[in-house]
Amino acid sequence: MYHFGCSKNLIDTEMCIGLFKNANFEVVNDPKEAEIIVINTCGFIESAKEEAINCILEMAEYKKQNCKFLIVMGCLVQRYKKELEKALPEVDRFISIDEYKNLWDIITDIIKINKTSKNTLDYMDRIISTGKKTTYLKIAEGCNNRCTYCAIPYIRGPYVSRKKEDIIEEAKKLAKQGYEELIVIAQDTTKYGEDLYGRSCLAELLHDISKIDGIKWIRFLYAYPESITDELIYEVKNNDKICKYFDIPLQHFSDNCLRKMARRTRGQDIKKLISKIRKEIPKVIIRTTFIVGFPGETEEDFFNLYEFINDTKFEKLGVFKYSREEGTPASKMPGQIHYKTKEARYNKIMKLQSQISKIKLEEKIGNTYQVLIDGLSDDGKYYIGRSYMDIPDEDGVIFIKNTQKDLVGKFINCKIIGVKNYDLIGTI
């Protein structure tokens, strides 16, 4: 099984593996050994599409060897199923997201085996692929925000919250299985519950999850700025199990660009929010993402964004070069920016953030943090861990000299003694 894309798509991959395991299939990690290869694709931006297509072409080569069936599913298929079927006849079946309710029926028809009764995609049956201590917990599907640059609503549909009792049941099961770090995810976690209960219930949900025995760390990702309530801020502040970490995709600071993006906040709103969070939670980590080169982004717009980043000094920051996604309102806007301008603006902000990050990390030297050990370096000389300040696969890590045995999967106290690029160096 090959996975591409975000952590939300990863959960679909894990549930799909669960389908095969429930039907007594053996899951292998080497495509040379596989009789069935399934690729779960991402269709978010151009680079993700190219990555998925390259994987399909590479896996098609294995059909000349041991592989009997090549199946492709996911976001890319949802957007371009007909085009893919014409372009890639090597693939036995393309399965769109709309077909997931019948996923196992479709797969069994392809591979010609008897259907397994009630073998459906189920959060409770997924095979977790993120280690023995950390896993994701998806609380909603789809999105209603309709930002003009984003194709997610066209791929995943409208926002649909899961029932709270189902989420809590899954969280309890994960805790019993030994998972101590739960990362709560949705396209926009702060909108959780609005469609089911008529109001945002994220703070309440996080509080209820924190009552579950065995869970030590709770994170939530993708909190949209307009929906971050005082209730949520105070829950993060006062709940010892919730990591003092906000992931807030701001996308821009210039009001001109924010309006064109159909974002619901403006520059001054963003400033006030960041100030409030930092005042209430002094050691909070704030991560954000911005888009440069959005249609109509002027030199003044970019300057305002650059100055805002320089003044605010985010602990974690990512930058995307605007990707013109067909079918989105922004793709038809006048004032499309040349790729060289996008590249120059991207590089300028990344250079600035590199300097900010170094200062922010050096401030941590001498401090002691609780750290979850995720694994070992390739040479075995260092443990690789994370504190509350780092989400897996996105942020930096802490390298800790390997002086004690069998620490992988354990929480330890770690003193920071140095900095290397975007990572920290610590000692037990």
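Predicted model: local features only at pLDDT ≥ 70, side-chain atom pairs only at ≥ 80, totals over all residues.
## Helices H9 and H11

Let's start with a pair of helices. Two packed helices are described by the angle between their axes and the distance between the axes. Here, helix H9 covers residues 230-238 and helix H11 covers residues 267-280. Their axes sit 10 Å apart, and the packing angle is about 30°. Angles under 35 degrees count as roughly parallel, so H9 and H11 are roughly parallel to each other. The crossing of H9 past H11 is right-handed.

Who does the touching? On the H9 side, look for Asp230, Ile233, Tyr234 and Lys237; on the H11 side, look for Lys276, Ile277 and Glu280. Sort the residues of this contact by type and you get 3 nonpolar, 4 charged and no polar ones.

## The buried side of H9

Stay with H9 for a moment. An α-helix has 3.6 residues a turn, so residues three or four places apart point the same way. The buried residues of H9 are Leu232, Ile233, Glu235 and Val236. Around the axis they take up an arc of only 160°, so they lie on the same side of H9.

What lies over them? The cover includes helix H8 (202-210), strand E9 (217-220), strand E10 (245-247) and H11. Ile233, then, is one of the buried residues and also belongs to the contact with H11.

## Helices H12 and H13

Now for another pair: helix H12 (residues 299-312) and helix H13 (residues 339-362). Their axes come within 10 Å and cross at roughly 10°, which makes H12 roughly parallel to H13.

From H12, the residues in the contact are Glu299, Phe302, Leu305, Tyr306, Ile309 and Asn310. They meet Arg345, Lys348, Ile349, Leu352, Gln353 and Ile356 of H13. By type, this contact splits into 7 nonpolar, 2 polar and 3 charged residues.

Asn304 is part of helix H12. Asp255 is 49 residues away from Asn304 along the chain, yet their C-alpha atoms are 9.6 Å apart.

Glu33 is in a loop, the one between helix H1 (7-22) and strand E2 (36-41). Skip the neighbours within four places in sequence, and Glu33 is in contact with Val28 and Asn66. Between Glu33 and Tyr62 there is a gap of 29 residues in sequence, while the C-alpha to C-alpha distance is 9.5 Å.

Terms used
Residues numbered from 1 in each chain as written. Heavy atoms only, no water. Axes fitted to C-alpha atoms, helices over the stretch in contact; angles between N-to-C directions. Helix = DSSP H or I, 4+ residues; strand = E, 2+ residues; numbered from the N terminus. Parallel < 35°, antiparallel > 145°, perpendicular 65-115°, else oblique. Left-handed = near helix turned anticlockwise from the far one by under 90°. Contact = heavy atoms within 4.5 Å. Nonpolar A, V, L, I, M, F, W, Y, C, P; charged D, E, K, R; others polar. Buried < 20%, exposed > 50% of the residue type's maximum accessible area, 1.4 Å probe, protein only. Arc of directions from axis to C-beta.
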